[in-house]
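My notes follow in the order I checked things.

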Amino acid sequence: MDGAQIRVNWRWPGQFLDSHRYSRILTEIHIPSLYGQRAGNTVREVMGLSVFQDLSGCYHVKKIDMSHGLTYFPTGGFCIYCGSTGLPLGDEHIVPLALGGQHVLTKASCALCAKITSKFERSVARELWGDARISFDASSRRKNDRSAFIRMPDADNPGEKISVPAHEYPGVFVFYKMEPSGISCGLSEEIDTSKSWKLIVIDDDQRRNEFLKKSQKKLTVQFRNVPQQFGQLLAKIGYGHLLTALDPSDFRPICLPYILGEKSNVSYIVGRGDENVSPMEGIGYSLRTMAQGTSESLLLSVIIRLYANTFAPEYLVAVGEVAGHENVVRIMEKLKRIDSESN
Ligand SMILES: [Zn+2]
């Protein structure tokens with residue numbers, strides 16, 4: 001069983017980024033300090049086109065048709081984060097609804113933990129990707145309240161803003177280009193590599209060019225730099241995804257203290273996945289489970305791509321560990337069974 005890899009997969013059809021023409025090439029971006037933070041590093045990132053490679057022979061895809069709507073997974077009747085029983089438990093979208101999430105763990109989170117997770121989810125959905133989501137008419141619980149205009153800072157007149165029709169504004173999705181996670185490199189938990197994460201931007205060339213031609217204005221994007229919250233969100237998605245296949249008691253959840261904010265160095269468990277990714281046409285997000293290790297110990301990770309039908313990066317989140325030969329055999333059997341059921 002040395003080096004065994006099992007993958008349990010979920011992919012969700014793309015919802016609003018409906019083609020894969022979205023470029024990963026950065027425009028020259030002006031980053032205003034809207035939230036009192038200056039994101040600083042402007043990065044020009046050009047990745048070579050390459051074919052998405054299937055890394056192992058035991059790789060299967062469970063593709064769910066959009067018309068099936070939400071998919072629910074039952075949980076054990078206690079909070080998946082703090083273990084509390086006897087409290088009212090709310091449903092938990094594995095990928096937040098605001099980001100198109102369609103897979104739901106039912107009765108999974110107590111109110112206190114939901115408050116923690118919804119806070120970092122909001123940071124990413126509204127502060128990092130707010131304008132982009134509005135401009136591409138992404139799903140939202142509050143879609144009807146949504147403004148028809150983006151208030152774009154005027155690069156030539158500091159302090160002034162220009163109203164741009166939301167459907168014309170070339171919104172950009174800011175992502176973090178990460179290092180491999182600390183745990184995957186054998187670093188100690190104290191070493192924080194998130195300081196060297198870079199910002200990359202997924203945008204739509206065509207819309208950007210049309211905007212620049214029409215408005216004669218400098219294109220300005222505004223967002224808040226939230227690497228910590230982004231890492232927490234990935235950890236949460238990874239944990240939730242693994243729980244569609246395993247029970248919380250099946251593994252030691254090393255991701256939990258990071259999700260709950262008890263530990264802050266998310267770069268220990270969250271990092272980049274395969275760097276040679278290309279758009280997965282028609283796929284909104286893709287989540288895959290990976291088990292690596294020996295017959296005595298396993299590291300369970302989840303491979304995450306959000307906005308998978310763009311050049312958005314792939315992330316790898318270390319979710320949990322399994323120790324001891326008997327446990328390893330049991331968990332591998334369980335994953336294999338689910339893997340084959342997925343097909
Ligand atoms: Zn809880």
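What covers the buried residues of α1? I kept in mind that this is a predicted model. The cover includes β4 (103–110), α2 (130–135), β7 (173–177), α5 and α6 (256–259).

**Which residues are buried**
I listed the buried residues of α1 next. They are Cys113, Thr117, Phe120, Glu121, Val124, Ala125 and Leu128. I recalled that an α-helix has 3.6 residues a turn, so residues three or four places apart point the same way.

**Length check**
I then tested the length of α1. At 1.5 Å a residue, its 18 residues should span 26 Å. I found its end C-alpha atoms 24 Å apart, which agrees.

**Packing against α5**
I turned to one of the covering elements, α5. Helix α1 runs over residues 111–128, and helix α5 over residues 227–242. I read an angle of about 120 degrees between them, with their axes 9 Å apart. The two helices are therefore oblique to each other. Their crossing is left-handed.

I looked up who meets whom. From α1 come Thr117, Phe120, Glu121, Ser123, Val124 and Leu128. They meet Gln229, Phe230, Gln232, Leu233 and Lys236 in α5. By class, I noted 5 nonpolar, 4 polar and 2 charged residues in this contact.

**The whole chain**
Last, I stepped back to the protein chain. It has 7 helices and 12 strands. Of its 343 residues, 43% count as buried. I also checked contacts between residues at least 6 apart in sequence: 75% of these join residues at least 24 apart.

Key: Residues numbered from 1 in each chain as written. Predicted model: local features only at pLDDT ≥ 70, side-chain atom pairs only at ≥ 80, totals over all residues. Axes fitted to C-alpha atoms, helices over the stretch in contact; angles between N-to-C directions. Helix = DSSP H or I, 4+ residues; strand = E, 2+ residues; numbered from the N terminus. Parallel < 35°, antiparallel > 145°, perpendicular 65-115°, else oblique. Left-handed = near helix turned anticlockwise from the far one by under 90°. Contact = placed C-beta atoms within 7 Å. Nonpolar A, V, L, I, M, F, W, Y, C, P; charged D, E, K, R; others polar. Expected span 1.5 Å × (residues − 1). Buried ≥ 20, exposed ≤ 12 C-beta atoms within 10 Å, placed from the backbone.
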